[in-house]
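Me: I would like to learn how to read a protein model. Could you take me through one, feature by feature?

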Amino acid sequence: MQPEVFVDIVRSALSLVAVLVSASILPSLIVGLSVSVFQAATSINEQTLSFLPRLIVTILGIIWGAHWGLNKIIEFFMELVHQIPSVIG
């Protein structure tokens, strides 16, 4: 049982989390940036104008990417299950 195996497992888990989070956060970031530029250009200082589009895009991103994200989590779990004999033995 090598410590490198556990480091690889944690590294792949953290990279999976980063990919799954960025799939829903990056579209929201882009929409928030474009709404902020629009607000700065028009001098509109309404808080709901920046919050509502980001919320909608985040929810749509989660809905759109849920199947893909769940498949990635299942693949990671199956990989962990297949690595059990090498970790124990």
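Me: Which residues are buried in α1?

Reply: Buried means under 20% relative accessible area, exposed means over 50%, and partly exposed lies in between, using a 1.4 Å probe and protein chains only. In α1 the buried residues are Ile-9, Leu-16, Ser-24, Ser-28, Gly-32, Val-35 and Gln-39. Before we go on, note that this is a predicted model, where local features need pLDDT of at least 70 and side-chain atom pairs count only at pLDDT 80 or more, while totals for chains, interfaces and linings use all residues. Residues are numbered from 1 along each chain as its sequence is written, and side-chain values use heavy atoms, leaving out hydrogens and water.

Me: What do the buried residues of α1 pack against?

Reply: They pack against α2. Contact here means heavy atoms within 4.5 Å.

Me: Which residues does Ser-24 touch, not counting residues up to four places away in sequence?

Reply: Ser-24 touches Thr-58 and Ile-62. Ser-24 lies in helix α1 and is buried at 13% relative accessibility. With neighbours within four places left aside, Thr-58 contacts Ser-24 and Ser-28.

Me: And how far from Ser-24 is Ile-63 in space, C-alpha to C-alpha?

Reply: The two are 9.3 Å apart, although 39 residues separate them in sequence. Ile-63 sits in helix α2 and is exposed, with a relative accessible area of 59%.

Me: What share of the contacts with a separation of 6 or more is between residues 24 or more positions apart?

Reply: In this protein, that share is 69%.

Me: How do I read the span of a helix, and what is the span of α1?

Reply: The expected span is 1.5 Å times one less than the number of residues. With 40 residues, α1 reaches 57 Å from its first C-alpha to its last, close to the expected 58 Å. For α2, a straight helix of 42 residues would span 62 Å, but α2 spans only 54 Å between its end C-alpha atoms.

Me: Where is the kink in α2 centred?

Reply: The bend at a residue is the angle between axes fitted to the seven residues ending there and the seven starting there. In α2 there is a kink of about 55 degrees, centred on Ala-66. Helix α1 bends as well, by about 35 degrees at Ser-22.

Me: How many salt bridges does the structure hold?

Reply: A salt bridge is a side-chain nitrogen of Lys or Arg within 4 Å of a carboxyl oxygen of Asp or Glu. The structure holds one: Asp-8 pairs with Arg-11, with their closest N and O atoms 3.2 Å apart. The two are three residues apart in helix α1, so about one helical turn separates them. Asp-8 is partly exposed at 42%, and Arg-11 is exposed at 53%.

Me: Which residues does UniProt list for "transmembrane region"?

Reply: An unreviewed UniProt entry lists residues 12-39 and 51-70. UniProt positions are given in the numbering used here, feature names are shortened, and annotations may be inferred rather than shown by experiment. In the model, residues 12-39 are 100% helix and 0% strand, with end C-alpha atoms 40 Å apart. Residues 51-70 are also 100% helix and 0% strand, and their end C-alpha atoms lie 27 Å apart.

Me: Finally, what is the radius of gyration of the protein?

Reply: The radius of gyration is taken over C-alpha atoms, and the globule rule is 2.2 Å times the number of residues to the power 0.38. A compact globule of 89 residues would have a value near 12 Å, but this protein has 19 Å. Its C-alpha trace spans about 65 × 25 × 15 Å along the principal axes, and 16% of its 89 residues count as buried.

Technical notes:
Helix = DSSP H or I, 4+ residues; strand = E, 2+ residues; numbered from the N terminus.
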